[in-house]
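The structure to which it refers is shown here.

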Amino acid sequence: MAQKSDIEIAQSTPMLPITEIAEKLGIPSDRLEQYGNYKAKIDYNLLKEDPRPDGKLILVTAINPTPAGEGKTTTSVGLADGLSRLGKNVCVALREPSLGPVFGVKGGAAGGGHAQVVPMEDINLHFTGDFHAIGAANNLLAAMIDNHIYQGNDLNIDPRKITWRRCVDMNDRQLRFVVDGLGGKPNGVPREDGYDITVASEIMAILCLSADITDLKKRLSRIIIGYTYGKPSEQQPVTAGDLHAEGAMAALLKDALKPNLVQTLEHTPAIIHGGPFANIAHGCNSVTATKMALKLADYAVTEAGFGADLGAEKFIDIKCRMSGLKPDAVVLVASVRALKYNGGVPKNALSEDNPEAVERGLPNLLKHVDNIKNVFGLPCVVALNAFPTDTEAEQEVIRRRCEDLGVPVVISEVWAKGGEGGEALAREVLRLTEEPNSFSFSYDLDMSIEDKLNTLVRRIYGGKGVVLTSQAAKQAAQLEALGFGTCPVCVAKTQYSLSDDPAKLGAPKDFEVTVRNLKISAGAGFIVALTGEIMTLPGLPKVPAAERIDVDENGRISGLF
């Protein structure tokens, strides 16, 4: 009999009414806003009203992603179900999927196999409309900028110095760089422009870091959209507040600010809110969602995007620093197949027994383990995501090398067995959460921008240091002169390598990371550093996943995974 696809498993598993899931967390009915029978928003004011103490925070991260698959979201869901099977009060807090990967190459982001959040079709598509609201707020600001210039430009905005870009939640390389305002005076002022994917918008980061509507409006007003005319020393930043845009933007975002409640296939409560893409954004779900999970459950499982060099670093150095959160334990997800790929094995040969290739690929895993344990000072377990072709000899190579570093390795079978396959991992995580830790950040905020970047490259990536292009060096000096030098940095780089070169697998040495552009996200409170050839709007692959997605006459979707 053919193996069921993720969507077939999800569609064949009955869901509980969302009110029953809310009851598990003790959410009062007047703080729940239902979106049909199986989705709801939670009023964030509940955080201020609920007297319960916070639970334990478990962060799930991974090695650098490969085409072989690691399974971070699947592991997060299966771990939560495993904890629930052990009788623990648990909630999993995840990021919302972007439509770009869903229709591109990566597919959906609701987990997989028997470790999924549901309704997976809704979650992977429009969900509760949060991303649409973020895109609308982003593009409203863009429209107000160009309208202000068209109407006389009282703020003296230099169209060549506008840093605010439009956004779209789709992989569309054609829109990366555009010229707009063409067709004569009634159609605006011609200028160079461009689009980012919605999750890379500063609005996404602001939504994820805002505590409430008042905080949201303050952050929106601080957004720097560009600079005035004048010599470099005379140019002044122009903000969304100068354009009086924050009120209307907040009105578009008022419902998107509320976290979304759904469930796993095993009816464990799941809060999904905020953005993915830790390669070009901060890649974490909202502070409110994480704090809500901590408040409502004894154990909160959350994830950070892509490899630990991106998602986990930003979770700690940006999100934890700004919110006061602190993980009690970290799960680092890897797979035998992914390590063999890092060891030089082509994708079509990953099913063959090859302990030597695993050994060659191990440095990538061991570097991430070292960062979590010795840089961030947190207890760690490696979750080895099991595939049927894995051999005991291959697994033993990983177990031996990790245990030499004092880090346990647990086989995770959550894709095939759901919570049952995550019980062993859950037991180890419970043990780790009781261990003392020496939590710390990877750099100090009082360092210069260049020193922060150098510290990340040397301590987290394992390279020699950073190289600023002439443009980036000028931008660093300008940002420091404007008082932004003490902000944390959000590095945008390839997710496939610890370096800024996606071809350098494993744990490369003696490399430099080139920063070509520095931009302040003043509302979010961090500096974005674009490195290498990273793009803030991906393109579709040669054969996009969209070609396999369909819907029948009964509204039943197929091909979504």
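## Second largest pocket

Pockets and cavities are defined on a 1 Å grid over the protein atoms alone: a cavity is a set of points where a 1.4 Å probe fits but cannot get out, whereas a pocket is an open set with protein on both sides within 12 Å along at least five of seven lines, and lining residues have an atom within 4 Å of a point. Grid points are joined across faces, edges and corners, and a volume is the space filled by probe spheres set on the points. The model is predicted: local features need pLDDT of at least 70 and side-chain atom pairs count only at pLDDT 80 or more, while totals for chains, interfaces and linings use all residues. Residues are numbered from 1 along each chain as its sequence is written, and side-chain values use heavy atoms, with hydrogens and water left out.

The lining of the second largest pocket comprises 50 residues, of which Ile162, Thr163, Gln475, Asn517 and Lys519 are the closest to the centre. At least two lining residues come from each of β9 (191-193), α8 (202-209), β11 (224-227), α19 (470-481), β21 (512-521) and β22 (526-531); helices (H or I, at least four residues) and strands (E, at least two) are DSSP runs numbered from the N terminus. Helix α19 supplies the largest share, seven residues. By class, the lining has 23 nonpolar, 15 polar and twelve charged residues, where Ala, Val, Leu, Ile, Met, Phe, Trp, Tyr, Cys and Pro count as nonpolar, Asp, Glu, Lys and Arg as charged, and the others, Gly among them, as polar.

## Enclosed cavities

Three cavities of 30 Å³ or more are present in the structure. The largest cavity has a volume of about 70 Å³, and residues including Glu96, Pro97, Ile123, Phe127, His132 and Asp169 line it. Helix α7 (residues 130-150) contributes the most to this lining, with three residues. Six of the lining residues of the largest cavity are nonpolar, two polar and three charged.

## Cysteines

With a disulfide defined as a pair of cysteine sulfur atoms within 2.5 Å, the count is zero. The sulfur of cysteine 284 has its closest cysteine sulfur in cysteine 320, 7.9 Å away, which is too far for a bond. Both residues are buried (under 20% relative accessible area; exposed is over 50%, partly exposed in between; 1.4 Å probe, protein chains only): the relative accessible area is 0% for cysteine 284 and 2% for cysteine 320.

## Overall dimensions

The chain contains 19 helices and 24 strands. Its radius of gyration is 23 Å, close to the 24 Å that the globule rule gives for 561 residues, so the chain is as compact as a globular protein of that length. This radius is taken over C-alpha atoms, and the rule is 2.2 Å times the number of residues to the power 0.38. The C-alpha trace spans about 70 × 55 × 50 Å along its principal axes. Of the 561 residues, 60% are buried.

## Two covered helices

In helix α11 (residues 287-296), nine of ten residues are buried, among them Val287, Met292 and Lys295. Helix α17 (residues 423-433) is also mostly covered, with eight of its eleven residues buried; these include Glu423, Glu428 and Leu432. The elements covering the buried residues of α17 include β3 (56-62), α4 (72-85) and β15 (299-303).

Key: Contact = heavy atoms within 4.5 Å.
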